[in-house]
Amino acid sequence: MSRVRKPSIDAKAPVAGGANPRAVSFGHALRATAAFAAIASFGITGLAVGDPLNLNIASRADIDIRIGRNDQSGRIEIYGAVGSRASVRKEGGNVIIRLPGQQRPDIGDLRSHPPIGITNADIRSDARATELVLTVQDGYDTHFGRSDGAVFVQIDPHDHPASTAKPQPNQPITVNLQQLLLGQKADAKGPAAAAVAPKLPVVAIDVEDNGDGKDISFPFDGPVASAVFRRGDSIWIVFDTEVDLRLPVELKDGNIIQDVQWTHNDGFTAMRITAPSTGSLSVQNDALVWRVRLGGRPLTDQTTDVAITRDDSSGAPSLNLNLAGATRVAWIRDPSVGDRMAIVCARGPIKNLKSARTTLEATLASTAQGIVVEHMTPDVHVALDGDLISVTRPDGLTLSPLDPNAKPDDSKLEYKNALYPSAVNADWSQTPDEGFLTRYSALQLAAADEAQGGANAPTKARLALARFLVGQGLNYEAQGMLDLIVKQSARAADDPQVRGLRVVAKMMTGRFGEAQADLASPSLATDPASRLWASYAEAKSGHYADAVKDFKLGSKALESMPVAWKMKLSAAAAYAALQTQDLKTADGLITYAVNQDGPPLEKLSAYLIDAQIIEAMGDKPRALAVYEAVSRASEDRIASPALMHAAMLRFQLGRAKAPETLAALDSLRYRWRGDDTELQIISSMGQIYLSLGRYREALEVLRTAGQQFGSKPQAAQIQTSLNQAFRNLFLGGMADGMQPVEALGLFNDFRDLTPLGADGDEMVRRIVRRLVDVDLLDQAATLLQYQIDNRLQGVAKASVASDLAAIYLMNRNPQKALQALWNTRTTLLPKNVMQERRVLEARALVELGQPDKALDALGNDASPEGSDVRADVYWAQKDWGKAAAVLEKQLGDRYKTDKPLAIADEGRLIRAGVAFSLLKDQASLTRLNERWSKFAATASSPDAMRVALAPLDGGTISPRDFAAAAAQTDSFAGWVAGMKKRFREKDNAAAAANKAAAAAPPAKTA
C-alpha cells in the first residue's frame, strides 16, 4: 500500500469543533418534504441475490418488465401501474400474460436474451388488453403468482424441486442459494450441483481480531470494485466479480458475528453478515486486498465523500453522484425486508457517503464504500455513465424547491481568464468571511438554479462553485462539477474557464495526462499560462526536455501566479533542467524559487531541488549540509528524499559505511512508497549491494522497481541496470568467484533475466561447464534440459542435446542419453553436429550392451572419437585383433615425443598391450615395448603399463598381475577427462565468436 501522503492542498483536515466543513453534506440542495421511516430489524432468511441480481431493467412507469437469469432457472417479473394488474394463464405450450389497456411493453431484451426455458416472446392485442405470449421450451414447467407488488412467472426444469412445490413469495431465481450459505454443501447428485459446477476464482478470507471487533480481508488476484454498507443489523459486502469465497470457521463466532450468508450470480458476489453489536464500519483497499473492519478504530481516514448534485436540466429533477472508479450497478433484493437495492461498486481508494440522503422516491444510504440506493419506488432508474451515477424517474424525483433568496454575491462570481493570471487565485483558498458552509450552500443553490435553464443557460454560477471547490482543495468534487457542466451544455467544452479549471483540478489530483489533453484545446492553446501548466505536468511525468521548453514559452505568465505556484512551477522546471544536465538553467530557476516569500514547506521543497543541483555541480559537502537541513521538514514528502540523498552522500564522502547506508535506505524504502524517491532508493541500494559482492540482494532489490513502477521512465533505467548486472555476473565473470552450486541457484532464481539469443546461450554454457568440472552432472543436465524444452529450436537445439547426452553418459545414464538424442532428431544438420551425435549414440548403445547396434550407428565413421567407440565395441565382443589394431592406430606416432601420455592415450596403450597378449602376438608386444615403455615412469598407472607391455615369456609376470592390468583397461575415465576438456574448448570458442561478432562493423546494405 502506498504511504505517500497527499499534498496539503488536497487535505481535508478537521477544523475546530470536530466537523470537516469541506466534507459537508449536500442537504440544503436535497431537502425533501417527507422521509421514509428507518427499518428497525431484519429477519434471517436466505440471501436471495438472484432475485433479481443485476436485472436488465427498462424503466417504465406503467409496465416494467424485469428478467432474472441463471443456468438452472428463469424468472420474469412485471411491475408498474399497469404491469402489477396483469393476469397470467397457460395456453398449450405457452404462458399468456394479459396486460389491461393498449400500452405495449418493451420486450426487446426479452426477445434477444430470454431466460432459460423460454424460446420466444411475442405481443398480440385485442380491444381491451395487450397480451405477452411466452413460448415454453419442452422439459420446463412454469409457475406464476404475485409477490412484492409484482406479477411473476417462474421457469424451472421438470425435475427441479420447485416444479412440484407451491410458489412462495420472493422465491429466488438461483435455486441453490440456500445450499451456498455458510456451513452447507450442495448435493452433487441434485440439480444444484450443476449451478455450482463452473469453476470460479477462489478467495480465501482471512479474519483477525482487532480488540474491539474483527478485520475481514478478501485477497483477490486482480483489481476488483466493492461496496460495503450497514443495513439494520446486517453488514453487506458486494464485489463486482463472481468468486468462490472460502470462509474460515472462526468468522462466525456467535458473539460479534452471529450469522454469515453469501452467494454469487450474474457477475457479482454478495455477502451479508449479521452483526448487530458492532459499532463502526470501515474499509481499506491495499492493492488487491479489500479489508473490512467491524468495530475498533477506522482502518483509514483517507476517504472521499461522494459528491451529490441536483440536475434539473431535463425538466425532471434527478440526482447525480460522482463516484470515481465506479464499475457496475448490482440489483439485489434484501431477503430480510423484501425490497430491492441498487448497489454501485467502485475501486479504491475509499469513496463513501457519510450521511444518508432521503427523497420521497429513493434513499441514498450511508456507506463505508460505494453507493447504495434503497427504498425505491418501482419506476426509479439508476444508471451509470463513466464515473457519474444518475438517479431518476420518468416524471422526476420529488425534491424541495431551492430558496431563491439564498444567492451569493454576484461580484464574487466574476473571473476574466482561465489560466492567466491564475486559476488558483489566493482568495479562493481562503475560508470565506461568512463561513465555509454558508458560502458553499449559497454557491450550490445558485448553481442549481442556473442549471434549470437547460443547455443554453449561462455557466457563471456553476463555474463559481467549481472554482470555490478548487480553491478549498476539493479537486475531485470540482472535476465532477466541471464534467457535469460539459454534459449539461455542449458549448461549455469550448469555454476556456471550464477547460482551465479542469486543468487545475486534474493537476492537483495527479492526472497529468488528462490535464494535458485539456491544455491542448484551442480555447487554451494561446494562453501563455497554459505552457507553464504543461511544463509542470511534463516535469511530473518524466518528460524533462519538453518541460524546460514549455516553461520558457510560458515564462511571461509566471509573475501573475500566486507565490506558492511561482515556487512550484519554477522548482519543477529547475528539476527538469537538472535531469537534462542543463545546470545553468536549473541553477537560475531554483534561485528564483527559493527567493520567493512563499509557504515554508514550498521553500523546503525548492531547497531540496537546490541541494541536488549543488551536488551535480560538484560541491558535495555543501549539498550534504542542505540535505540534512531539509530532512528535518515536518512532511515526509520532503524529508524522505532529503534523508535518502544525505545517506548516499555520506557514503560517497566516506562518512558512513555500506551497512549503515543500506540500513538507512532500507528503512526509507518502507517509509515512503510509490514515487521517484523510492525508485532512487532502489537504484542506490542495488549499486551498493553490487559493490559489496552481494549479488542476490542486488538483483532482488533492483527487480522490485520493474514490478512496482513498470510504466515510469526511471523504472526502465533500473530495469536496464538489472539486466546489465545479470550480464556482468554470468557473462562478465563476476559470478566466477562463487561456488558453482551458488551460481546455479542465483541463475535459476533470476532466470527470467536471461537474454535471448547467443548471449543467453553462452551464459548457460558457462554455468554448465563449471558444473561439469566439479562433477555436478545432475544440475548441469537439468539446466540444459530447460534450454532444450523452452528456448531452443533447430540446429541449436540438436547441438545442445548432444552436450546433454554426453553429460548423461558421464553420469552413467545411457538410456537418458539416447532419449535426449532421439527426441531432438532433425534434418539438415551441420556435418560436425551429425558426427558428434552419431558417436554419442553409439557409445550409449555400447553402455547398454548392444555392440552390434553401436556399429550400425557408427557406419563408416573413421574419426578419432568414432574409432574409440569402435575399439570399445570390439573389446566388448572380445575381438582382440580388431580392438588392438584400432587402439594402436589411435596412438599414432606420439611415441616420438617425450611428453607424458594423456589419460586417454595411456588407457589405449594398456588395452592394446593386453589385447596383443591375449592374441599371443609377441611381435606386436615387442613393437609396443620398444616404442612406449619409456612412458611407464610418468604414467598414472605405471605397474599396469609395465604388465601390459611385458613379453609373453617374461616369466616374472603372474596371472594375478595380468588380471590387475586388464582391470585398468576401462576407457571411461579417459573419455570423461576428454569430454570435460571439450566442454571448456567449446565454451571458449563460442565466447570468442560472440566477441568477434560484437566487434565486427555492421554490414553494408545496398
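A residue is termed buried under 20% relative accessible area, exposed over 50% and partly exposed in between, with a 1.4 Å probe and protein chains only. The structure is a predicted model, in which local features need pLDDT of at least 70 and side-chain atom pairs count only at pLDDT 80 or more, while totals for chains, interfaces and linings use all residues. Residues are numbered from 1 along each chain as its sequence is written, and side-chain values use heavy atoms, with hydrogens and water left out.

A pair of aromatic rings is described by the distance of the centres and the angle of the planes. Rings of Phe, Tyr and Trp (for Trp, the six-membered ring) pair if their centres lie within 6.5 Å, and planes under 30 degrees apart count as stacked, over 60 as edge-to-face and the rest as tilted. On this basis, a search of the whole structure finds 12 aromatic pairs. The rings of F436 and Y440 are stacked, because their centres are 5.7 Å apart and their planes lie at 10°. Both residues belong to helix α4 (residues 436–451), where they are four residues apart, about one turn of the helix; helices (H or I, at least four residues) and strands (E, at least two) are DSSP runs, numbered from the N terminus. F436 and Y440 are both buried.

An edge-to-face aromatic pair is formed by Y536 and W565, at 5.4 Å centre to centre and with 70° between the planes. Since Y536 lies in helix α10 (residues 528–541) and W565 in helix α12 (residues 563–579), the pair ties together parts that are 29 residues apart in sequence. Y536 is buried, with a relative accessible area of 11%, and W565 is buried as well, with a value of 5%. Y536 and W565 form one aromatic cluster with F512 and W533.

Helix α12 is largely enclosed by the rest of the structure, because 14 of its 17 residues are buried. The end C-alpha atoms of α12 are 24 Å apart, in agreement with the 24 Å that its 17 residues should span at 1.5 Å a residue (the expected span being 1.5 Å times one less than the number of residues). Just after α12, Q581 takes a positive phi of about 65°.

A charge is taken to sit over a ring if NZ of Lys or CZ of Arg is within 6 Å of the ring centre and within 35 degrees of the ring normal. The charged end of R75 sits over the ring of F152, 4.2 Å from its centre, and R911 lies over the face of W875, at 5.2 Å from the ring centre.
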